[in-house]
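Dear colleague,

Please find below the structure that I am handing over to you. My notes on what was found in it follow directly after.

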Amino acid sequence: MLYQITDGTVSLGGNVILDHINFEIKGNEKIAVTGKNGAGKTTLLRLLAGELELDSDDKRTGPGIFCSRAITIGMLKQQVFSDDSRTVEEELLSACPPEDVYARERFAYEKEYDRLFTGFGLKREDKARPLSSFSGGERTKIALIRRLLERPDILILDEPTNHLDIETVEWLEKYLKQYDKAVIMVSHDRFFLDQTADIVYELSGKKLVKYSGNYTYFREEKRKRIRIQQKAYQQQQEEIKRLEELVERFKHKPRKAAFARSKKKAIERMEKVEKPMKAEGHIFTGDINPLIPGSKWVFESKHLFIGYDSPLLELTMRIKRGQKIGILGPNGAGKTTFLKTAAGLCPPYKGEYSLGNHTVIGYFDQHSAEITSEKTVMEHFHQLFPSLTEKEVRTILGAYLFGGKEASKKVSSLSGGEKARLVLAELLQSRPNFLILDEPTNHMDVQAKETLESAFQAYTGTILFASHDRYFMKQVADAVLIFEKEAVMYYPFGYEHYLEQREKQGKHETIAAQVKAEDQALIAGMRAVPKAEHHQLREIPTETAYMDWKQRLAAEALDKAGKNVENIAGQMDKLWIRMIQSEAFWAETIQESPGQGQMPEAEKEELEKAAGLEKTVGLEKAEEFRDMQAEYTRLEQQYQEAAALWHQRCLEWGEAALDWT
């Protein structure tokens with residue numbers, strides 16, 4: 001145990017912030033601390049950094065904080081350097097331990113310094129610049145580099161990804177995974193936590209709860225624990241109610257008074273199950289279906305150039321009904337322009353595109369949330385959907401976290417994130433079949449994002465969206481479009497699969513080449529688009545890749561089901577041979593065979609001879625035969641189930657083949 005807090009309490013200004021918490025750090029664990037704003041995360045970090053002390057507590061035995069040895073702790077803050085006139089070189093080398101420029105330790109320090117400096121996207125010539133010449137984001141990078149160079153036993157990071165671009169954040173994720181010291185981090189970037197943390201502590205209600213896993217595991221496990229606790233709470237409340245009814249019924253009857261008192265004491269002695277806190281987000285369990293399904297192909301473009309005064313890039317692609325495609329790319333790459341073009345809000349620079357029959361678009365961007373109204377949320381929503389009853393309106397709004405008092409707020413008083421959530425709720429309630437979304441979760445808290453992720457997962461229509469939130473991209477997108485270097489790459493799998501392939505790519509090899517080399521079985525139809533076409537979908541044509549992938553998955557499932565049927569049939573054949581070779585088989589056959597009088601005389605003599613073996617079989621062989629019979633019956637049942645599954649897989653493969661044609 002490197003560091004441990006036992007039964008610790010921290011108060012500030014007379015208010016208890018942390019109430020009898022337990023916290024521990026082992027070895028080089030990477031620990032994430034999560035919780036709502038104002039829950040006390042910063043207070044916990046300050047306690048770990050030694051800036052705060054535990055309250056004196058008569059109930060606690062011992063000091064409350066234990067360290068296995070003398071340790072160093074470094075905390076990254078949104079800090080201002082003491083002397084902005086110093087150069088980066090002077091600032092970072094001032095922490096270098098040995099003054100001897102030829103010392104081995106100094107060599108290792110400067111080597112790591114160069115690695116970190118370039119890894120965070122800074123140029124070598126920037127080392128000579130004064131700190132005052134850097135932007136706020138760049139200064140945060142430099143402060144983080146200094147903390148990492150100090151290599152404390154416990155590194156504390158408070159929002160380390162602020163002001164960092166995606167490439168730098170990804171580099172930091174890889175670095176922290178390999179970092180051989182303990183790290184404690186607080187961040188609103190859920191994907192960053194998912195990639196780096198192996199322990200999560202949730203701070204809620206002044207208490208800490210530990211989860212052994214990354215952020216995704218924490219969310220799933222928390223929901224599971226809430227369900228279990230809710231069930232236990234309801235069962236106990238029902239039992240308490242039953243006992244109270246017995247007490248009330250018999251307390252005035254002399255002969256039953258003792259019985260009533262015993263039940264009352266049973267209630268008092270009962271260890272009460274706390275009522276679980278309501279889940280912070282909402283999980284949609286049923287499908288959200290469009291009012292009109294629409295045609296098979298939602299969007300088609302051929303040599304479509306997008307842009308305003310000049311073309312940004314060219315796309316030739318098709319989007320099939322039900323696809324959920326996320327768009328990745330740096331600012332200025334054309335993501336928003338493409339979304340506006342697809343929505344009909346911006347004319348194409350050149351070329352053409354078309355929407356499928358009966359396609360109904362629901363469009364959202366940051367301007368969509370600029371709504372002002374003196375009506376309450378309830379009144380505003382009901383006015384848009386007058387056919388709904390008040391109860392139905394409240395139920396729908398509650399699902400989008402506008403329950404209770406939230407529904408009585410005036411629309412004009414809502415924050416930007418709350419207005420965006422309300423508009424998205426309106427969009428989903430109107431049930432279009434093609435959603436086009438530009439940064440739908442900007443300025444939203446984690447609970448709102450997870451609610452909308454669940455809603456978009458439940459939505460069965462088509463979604464085309466752009467988002468900088470990598471976790472949101474991971475949860476919603478089943479394919480991605482990558483905009484970069486005036487070109488577009490379509491990747492027919494999810495965001496995580498894309499990252500894995502990109503990680504595997506060689507120094508001089510494109511992701512498309514990696515996919516072609518490793519996933520040829522899944523995407524057999526990949527081919528290069530002619531070089532003359534600037535959009536060049538990097539060897540992965542949209543529909544070819546998608547349909548080959550779909551048909552291949554169906555074929556794999558069919559092949560697996562067929563092999564399972566063959567395997568069970570083979571086991572049955574082998575067992576049948578063993579059975580007919582056993583003495584007990586013939587003894588049982590002669591006993592159970594009807595109509596022996598009609599048998600030929602020679603066969604009858606043979607069977608009668610076999611029947612005589614019944615006396616010589618013995619109990620052990622008879623039991624062995626009965627076991628074989630039971631096993632054969634079990635295999636017969638398995639064979640029927642496997643054959644039914646194989647039949648279903650045949651139908652699915654046939655459907656995929658029809659789609660392809």
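A charge is said to sit over a ring if NZ of Lys or CZ of Arg is within 6 Å of the ring centre and within 35 degrees of the ring normal. Lysine 256 provides one such case: its charged end lies over the ring of phenylalanine 250, 5.8 Å from the centre of that ring. Arginine 421 provides another, with its charged end over the ring of phenylalanine 402 and 4.5 Å from the ring centre.

Please bear in mind that this is a predicted model. The mean pLDDT of the chain is 83, and 85% of the residues score at least 70. Among the elements of the chain, strand E15 (residues 434-438) has the highest mean pLDDT, 97, whereas helix H16 (residues 511-518) has the lowest, 45. The pLDDT is below 50 over residues 513-541, a stretch that has 75 contacts in the model beyond near neighbours in sequence. Residues 606-614 also have a pLDDT below 50, and this stretch has eight contacts beyond near neighbours in sequence.

I turn next to the interior. In soluble globular proteins, nonpolar side chains tend to be buried together. Here, the largest nonpolar core has 91 residues, and Tyr400 and Phe456 are those with the most contacts inside it. Helix H12 (residues 416-430) gives the most to this core, namely seven residues. Once neighbours within four places in sequence are left aside, the contacts of tyrosine 400 are Phe284, Ile288, Arg421, Ala425, Leu428, Thr451, Leu452 and Ala455. There is also a second, separate core of 28 residues, which includes Tyr3, Ile31, Leu44 and Leu52.

The aromatic residues deserve a section of their own. A pair of aromatic rings is described by the distance of the centres and the angle of the planes. A search of the whole structure finds 21 aromatic pairs.

Because phenylalanine 299 lies in strand E10 and tyrosine 353 in strand E13 (residues 350-355), the pair ties together parts that are 54 residues apart in sequence. Is each of these two residues buried or partly exposed? Phenylalanine 299 has a relative accessible area of 1% and is therefore buried. Tyrosine 353 has a relative accessibility of 26%, so this residue counts as partly exposed. Elsewhere, Phe191, Tyr491, Phe493, Tyr495 and Tyr498 form one aromatic cluster.

The 13 residues of H5 (residues 166-178) should span 18 Å at 1.5 Å a residue, and the end C-alpha atoms are 19 Å apart, which agrees. The buried residues of H5 are Thr168, Val169, Glu170, Leu172, Glu173, Tyr175 and Leu176. Leaving aside neighbours within four places in sequence, threonine 161 is in contact with Val169, Ser187, Asp189 and Phe192.

How values were computed: Residues are numbered from 1 along each chain as its sequence is written. This is a predicted model: local features need pLDDT of at least 70, side-chain atom pairs count only at pLDDT 80 or more; totals for chains, interfaces and linings use all residues. Side-chain values use heavy atoms; hydrogens and water are left out. Helices (H or I, at least four residues) and strands (E, at least two) are DSSP runs, numbered from the N terminus. The expected span of a helix is 1.5 Å times one less than its number of residues. Buried means under 20% relative accessible area, exposed over 50%, partly exposed in between (1.4 Å probe, protein chains only). pLDDT is the predictor's confidence in each residue, from 0 to 100. Contact means heavy atoms within 4.5 Å. A nonpolar core is a set of buried Ala, Val, Leu, Ile, Met, Phe, Trp, Tyr and Cys residues joined through side-chain atoms within 4.5 Å. Rings of Phe, Tyr and Trp (its six-membered ring) pair if their centres lie within 6.5 Å; planes under 30 degrees apart count as stacked, over 60 as edge-to-face and the rest as tilted.
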